[in-house]
Amino acid sequence: MPRVELRSEESRDGLMVRVLVLILIGMAAATGIAGAELVRLGYDDGSAEDAIWMDGLRGHAVLYDAPCENWTLSGVEILGKLAPEPRSEMLIVEIWDRNLSLLSRATDRARSYFSDNLTWSVVDIPDTTVSGSFLISVYEFAGVYVGVDNSSRYQRSALTARNPNRILPWDLENRSYNQTNWMIRALGSSPAPRISLEMKRERASQASPAEIRVMALDEDDNLLRAALYIIDNSSHEIVWSEMKALEGGRADLEFSWPAAVRQISLDGSYYGPVFAANELRVPENVSHLLAFSVPAILEGRENLTLFVQAYFGQDGRFNALIDSYGRAYYLSSDLVERTMPGGNYSQFVMENISLVPGESRIGFLKMRLPANTEEEAVEFAGPVLLAGSAQEGYGLRLEETAARSGEYIILAEVQDLAFNVVGMAGDEMARVA
């Protein structure tokens, strides 16, 4: 299976740990503004395949990179449970800098945080300023089992010891280094952006789009991107989104919405609206082929379900289906020719493409702004059963159709390099006649 790296050098998604931040856009619409107080960083997928306790000397440690300079680390989240016959009640959490020097320490009884069941607990630590690389080391003195995740591609877990502080050789029996991920997360903060939103033209049509102005200020000058979401006020579905790259500490942006809805089409049928966004992360030489992306699920043989990203060109053609590890399940002939010129596409399909017409199904992400806590925010359009051939993109297209008459909520969102996300809903709605 071919691997494809679509992210540009400017994208930090492939360099930093996976960010475990839930953007509560429902709260943003209800209150007018929402900002992330604490950012949670982690390498795990939230599901433990195992749990391990150490002897009395060694500790579980995870290496992190601060998302920005002078990031304030305030807590450590640990998935753990008490050992059946703990050798010690003591739990120590230490923060080391890149030179393994102690920055901060928290000491408590393990029973204050853990029980007989594997659960997440947050250990508060004195606010600690970190820049660059830092280590979180947990010493449970054979009293706590710490959760292990086997699915991550990141290799940041280590064994450590104190007095003197040091990283130990990896010598855990039956546990390989590249498949062992301690479920220990970092919680911290930095100054979040401030944003404002102004509706400059509320009436929207294809000939005369709605116009929205978004302004952002960030005191530590590390703005990353801005997004605008258009939400149907009757169905609460997100029908349109647009992303723009940012840098520095100030931004004054103009967005427009031509009263359109993005949907997936297949053989005359439409599925959506789908959560499609213009891509900012792809190399310039293929940007026209990978102009939009839609999160999706791929259903294959033996009821196997995979989370993937579907990419479409500026012309709406389906050009790629790729998972978070860069494994490609589909590449179009245009994309193969651009990245591997001179090859035989029919041969490439036989050797590399795993989609099977009449068997493979793809469900495309739909998102809505929940009206209450009972309403689901995420569902999938379809899944659609693929037909046709790889050469024809199985007949899939991303298309823009006219939005129905009514009112539409405007939601702006700004993110900085420290993973702060701030959202704001407009006081006025866009209107389609």
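Which elements do the buried residues of α3 pack against? They pack against β26 (328–331) and α2 (333–339), where contact means heavy atoms within 4.5 Å.

## The model and its numbering

This is a predicted model, in which local features need pLDDT of at least 70 and side-chain atom pairs count only at pLDDT 80 or more, while totals for chains, interfaces and linings use all residues. Residues are numbered from 1 along each chain as its sequence is written, and side-chain values use heavy atoms, with hydrogens and water left out.

## The chain as a whole

The protein chain contains 3 helices and 32 strands, where helices (H or I, at least four residues) and strands (E, at least two) are DSSP runs numbered from the N terminus. Its radius of gyration, taken over C-alpha atoms, is 24 Å, close to the 22 Å that the globule rule gives for 433 residues, so the chain is as compact as a globular protein of that length; the rule itself is 2.2 Å times the number of residues to the power 0.38.

Of the 433 residues in the protein chain, 50% are buried, a word that means under 20% relative accessible area, whereas exposed means over 50% and partly exposed lies in between (1.4 Å probe, protein chains only).

## Helix α3

In helix α3 (residues 345–352), the buried residues are Y345, F348 and N352. Seen down the axis of α3, these buried residues fall within an arc of 55°, so they line one face of the helix; the arc is that of the directions from the helix axis to the C-beta atoms. The face turned away from this buried side carries the exposed residues S346, M350 and E351.

At the N-terminal end, α3 is capped by N344, which has a side-chain oxygen 3.0 Å from the backbone nitrogen of S346.

## An open sheet

An open sheet is formed by 6 strands in the order β7-β6-β9-β4-β11-β12, with antiparallel pairing; two strands pair if DSSP finds at least two bridges between them. The edge strands, β7 (102–109) and β12 (166–168), each pair on one side only.

Within this order, strand β6 (residues 90–97) pairs with strand β9 (residues 133–139) in the antiparallel sense over 6 bridges, and E94 stands opposite S137 in β9.

## A buried loop residue

N420 belongs to the loop between β30 (406–416) and β31 (421–425), and N420 counts as buried because its relative accessibility is 0%. The side chain of N420 makes a polar contact with the side chain of S190 at 3.0 Å; such a contact is a pair of N or O atoms within 3.5 Å, and within protein one must be able to donate a hydrogen and the other to accept it, while residues adjacent in sequence count only if both atoms are side-chain atoms.
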